[in-house]
Amino acid sequence: MKRNTALKPVRFDDSEGRPPTSQRPVRSRSRPLVMDTHIEPHQHPWAQFTYCASGLIQVTVTQSDVQTTFIVPPSRAVWIPPGVQHTVVVLESAELRTVDLSPTVTPQGWEDCRVLVVTRLLRELIHALVASHPGTRDDALMALTVDEITQAETQALGVPMPRDRSEER
């Protein structure tokens, strides 16, 4: 099915306060995006948990020369390890939420993308992290968020995309 309108490209959020740091190794951002918005392909040196509080997004990752597409409703999220190229297309206007994790708190052995179930507790932790400030409460929120992500149920919902064999000729 062909789109009625062209995608509206937007830049990856590279604002100064975004990257996780040693003092705040888990950061969360919220960003409203309208339907047909396209976040251009990018990658970063931290892991990312990509979730939408409302709406519907399509996340496409390229890892080890394999491109995989995930359709992400509000009850699911995509885990994207550090250094993995990814792009987002908004299929239904969405409140995009990302949790950025420093490699120092990335769960051991999580080198592959995966779909995770977002529990009610995890959803509320992500929401609380968006507005948090450095301190004891923020430290507790970060620790519990990482624990909840680590404990989240994994689902095999990615669709590997066929490679274009014409490039090999």
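## Pro 41 in strand β3

Strand β3 spans residues 37-42 and includes Pro 41. In this predicted model, Pro 41 is partly exposed, its relative accessible area being 49%.

Beyond residues up to four places away in sequence, Pro 41 touches Gln 85, His 86 and Thr 87. For Thr 87, the C-alpha to C-alpha distance from Pro 41 is 4.5 Å, although the two residues are 46 residues apart in sequence.

Gln 48 belongs to strand β4, which covers residues 47-63. With a relative accessible area of 4%, Gln 48 is buried, since the buried class comprises values under 20%.

The side chain of Gln 48 takes part in a polar contact with the side chain of His 86, at 3.2 Å. A further polar contact, also at 3.2 Å, links the Gln 48 side chain to that of Asp 100.

## The buried side of helix α1

Helix α1 comprises residues 120-130, and its buried residues are Leu 122, Leu 125, Ile 126, Ala 128 and Leu 129. These residues lie on the same side of α1, because the arc they cover around the axis is only 165°.

The elements against which the buried residues of α1 pack are the strands β2 (26-33), β4, β7 (85-101) and β8 (114-117), together with helix α2 (136-151). Strand β4, one of these elements, is also the strand that contains Gln 48.

Terms used. Residues are numbered from 1 along each chain as its sequence is written. This is a predicted model: local features need pLDDT of at least 70, side-chain atom pairs count only at pLDDT 80 or more; totals for chains, interfaces and linings use all residues. Side-chain values use heavy atoms; hydrogens and water are left out. Helices (H or I, at least four residues) and strands (E, at least two) are DSSP runs, numbered from the N terminus. Buried means under 20% relative accessible area, exposed over 50%, partly exposed in between (1.4 Å probe, protein chains only). A polar contact is a pair of N or O atoms within 3.5 Å; within protein, one must be able to donate a hydrogen and the other to accept it, and residues adjacent in sequence count only if both atoms are side-chain atoms. Contact means heavy atoms within 4.5 Å. The arc is that of the directions from the helix axis to the C-beta atoms.
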